[in-house]
Amino acid sequence: MTFLIKGARPLGGAPGDILIRDGMIAETGGRLDAPDSEVIDADGLVALPGLVDLHTHLREPGREDAETVETGTRAAAAGGFTAVHAMANTDPVADTAGVVEQVWRLGREAGHCDVHPVGAVTRGIEGRQLAELGAMADSAARVRVFSDDGHCVSDAVLMRRALEYVKAFDGVVAQHAQEPRLTEHAQMNEGEMSGRLGLTGWPAVAEEAIIARDCLLAAHVGSRLHVCHVSTAGSIEIIRWAKSKGWQVTAEVTPHHLFLTDELAESYDPIYKVNPPLRTKADVEALREALADGTIDCVATDHAPHPAEAKETEWAPAAMGMIGLETALSVVQAAMVETGLLDWAGVADRMSVRPARIGRLAGQGHLPEAGAPANLTLYDPSARTLIDPAASVSKSRNTPFAGLELPGRVHATFLRGRPTVLDGRLA
Amino acid sequence: MKRHLISAADLTKDDALLILDTAEELARIADRPIKKLPTLRGRTVVNLFYEDSTRTRISFEAAAKRLSADVINFSAKGSSVSKGESLKDTALTLEAMGADGVVIRHSASGAPHRLANWVHGSVVNAGDGTHEHPTQALLDAYTMRQRLGGLDGRRITIVGDILHSRVARSNVLLLNTLGAEVTLVAPPTLFPVAVDSWSCEVAYDFDAVLPKSDVVMMLRVQQERMNAAYFPTVREYSRRYGLDKRRMAMLPNHAVVMHPGPMNRGVEIAAEVADSPRSTIVEQVANGVTVRMAVLYLLLGGSEPAIGTARARRDSE
């Protein structure tokens with residue numbers, strides 16, 4: 001298949017044409033001709049490298065009522081992603097070569113985007129014994145990112161060993177930083193709102209204390225640490241300090257933590273319940289600045305689908321998490337681009353180049369230049385989209401952005417030269 | 001007034017005074033041989049209790065029955081709730097049964113907010129988790145008014161587990177609305193972290209606050225808080241934050257002692273204090289029925305002139 005994309009603006013720059021042939025970007029330039037190609041009018045669209053998500057819950061195996069690899073990767077493609085990392089907290093847990101290979105194969109069969117399974121750090125994500133990290137790394141899924149996400153590897157010795165062990169295959173431990181004792185029964189950010197609403201607080205220090213410890217551990221053993229879903233201003237200070245020492249620490253932030261605050265809990269609508277919880281306006285501002293200055297390396301969705309009944313309850317028993325694949329780029333546009341904090345080159349860096357590098361994905365995260373694999377997203381920043389949960393491609397509807405009008409719309413997504421989305425519709 | 005009573009913050013000063021004045025009118029009826037009013041005849045009030053609280057349920061039940069409402073008691077025990085029916089499905093069931101008002105008691109903060117999304121009738125919060133208990137605050141205010149006259153400028157001291165207390169939250173909000181000055185006293189572990197954002201004073205030294213208090217309200221402290229290291233021992237808590245005879249003697253002569261119940265005698269309140277003439281604890285129970293009648297009347301009664309009639313009757317007597 002050959003596609004000639006006419007008039008797109010690579011990374012928001014000057015308009016030009018992009019020729020895609022045999023899964024690669026064959027040529028870019030002012031005006032190209034290719035008689036055998038299908039022409040795509042991309043006038044006014046921004047061309048970005050296909051987005052890479054380091055943090056997706058696809059729920060399969062085990063919770064196919066919430067999401068499957070098929071539906072989750074369709075949602076990813078619709079959101080402009082060409083690769084996602086599937087978190088390990090499935091049932092059974094992705095803690096063996098068998099399970100990660102199953103998820104990886106399901107991704108290949110679905111074909112909407114690359115699926116890179118994340119391996120559990122500990123067996124059953126129970127925090128007691130290391131899972132067979134090497135077997136997962138050597139499997140067909142070639143796992144490089146390991147995480148007990150949903151749970152913190154709180155045992156300092158286990159965390160140290162995991163960080164050390166994955167060095168053998170250039171792996172990274174992605175930590176869900178949450179000191180468990182400080183967050184027992186925690187429901188929302190601890191602060192003015194939690195006190196007023198009578199909901200048990202999730203203090204910022206429970207995240208920051210673990211991040212500080214893990215940065216020191218990573219430095220001590222010379223390993224790579226990735227911090228999942230950073231949510232507080234204090235965490236940023238610690239990560240900034242660790243990076244200033246030259247330590248191999250990277251971090252992600254979710255779109256919802258860049259956009260929403262804990263005041264939304266006032267409705268007691270668990271659509272706003274998420275872990276880590278929504279924080280304050282000051283935290284949101286600090287997160288935006290940290291993403292802009294690179295202290296936070298990338299945006300990761302923490303797409304967490306849940307069936308309706310898990311959210312149509314009182315706050316306390318409701319499930320934590322929000323879907324986010326389809327809205328991620330729009331939220332980043334609103335939070336980062338329209339505020340002048342990032343340009344489109346910056347968005348490409350934070351949503352594709354850097355996450356691909358952290359995940360060690362050789363075929364992803366390449367800028368749209370000749371010779372690069374044709375993983376590409378065409379995005380219309382001038383569109384406005386009213387977020388309708390009923391229209392979500394994901395099997396679940398738990399979006400906190402329902403009813404909001406967000407900027408932008410994904411026009412097309414190409415996975416190695418093959419369109420997964422065209423004209424805003426799944427191909 | 002709003003359609004629901006979920007938070008004490010739902011009430012303006014006029015709303016709160018209307019409830020208290022209405023309760024006063026209704027109290028006069030309670031002194032008559034026939035206590036019942038026809039006001040809510042044909043209306044259905046459901047007491048939806050997910051948490052054991054015999055005293056609050058009975059209080060609401062008596063209030064609704066004195067207004068001639070049909071009362072359905074729906075408690076977690078022996079209902080489909082124990083089989084795992086969701087609050088939403090229960091709400092839809094109540095809706096289908098035509099509940100005009102739902103009084104809900106729930107261990108989850110915010111459950112009444114959620115319920116209000118799913119039923120058309122009025123929702124009255126009878127205590128939700130560690131959030132609020134607005135009718136308790138109303139009956140407390142009513143009791144204070146009875147004992148002290150007005151509430152404007154009065155100094156109310158609330159002592160105990162503020163962090164987990166729905167009574168404290170509702171009282172701080174309502175007493176502020178009514179112009180009183182509230183001081184909260186507790187060990188620092190039992191305050192929410194951002195309590196300084198509340199419109200009240202915060203103190204750790206109980207003794208220092210006593211001489212300038214018109215009201216001291218003692219909150220129940222639960223033994224299990226000790227296990228979570230909120231304080232070292234019950235004895236130490238009692239020594240530092242319990243109201244005993246010595247501390248009672250430091251109060252001004254007119255000051256009263258309140259407790260929402262149930263009390264831990266010998267822990268937060270000494271028996272001789274609980275049983276002293278300053279104590280309003282038994283009055284609070286009686287006032288509970290009256291205040292809840294006023295709330296149900298005002299939320300469900302619509303334009304029925306029951307109160308006006310009562311007043312007219314009294315005037316003609």
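A: Let's start with chain B of this predicted model, where the pLDDT averages 91 and 93% of the residues score at least 70. One stretch to treat with care is 303-317 of chain B, where the pLDDT is below 50. In the model that stretch still has 11 contacts beyond near neighbours in sequence. As for the complex, the predictor gives an ipTM of 0.91 and a pTM of 0.94.

Now for the place where the chains meet. Chain B puts 20 residues into the contact, and chain A puts in 18 residues. On the chain B side, helix 3 (87-96), helix 4 (111-118) and helix 6 (166-177) each supply at least two residues. Helix 4 of chain B has the largest share of that side, with 3 residues. By class, the side of chain B that touches chain A divides into 7 nonpolar, 9 polar and 4 charged residues.

Chain A has a contact of its own, inside the chain. It is divided into domain 1 (2-46 + 373-388 + 403-426) and domain 2 (50-358), and 28 Å separate the centres of the two, taken over C-alpha atoms. Domain 1 of chain A brings 20 residues to their contact and domain 2 of chain A brings 21 residues. On the domain 1 side, strand 16 (376-386), strand 17 (405-415) and strand 18 (418-422) of chain A each supply at least two residues. The largest share, 7 residues, comes from strand 17 of chain A. That side of domain 1 of chain A has 13 nonpolar and 7 polar residues, and no charged residues.

Definitions and conventions
Residues numbered from 1 in each chain as written. Chains lettered and ligands numbered in written order. Predicted model: local features only at pLDDT ≥ 70, side-chain atom pairs only at ≥ 80, totals over all residues. Domains from an automatic or database assignment. Contact = placed C-beta atoms within 7 Å. Helix = DSSP H or I, 4+ residues; strand = E, 2+ residues; numbered from the N terminus. Nonpolar A, V, L, I, M, F, W, Y, C, P; charged D, E, K, R; others polar. pLDDT = per-residue confidence, 0-100.
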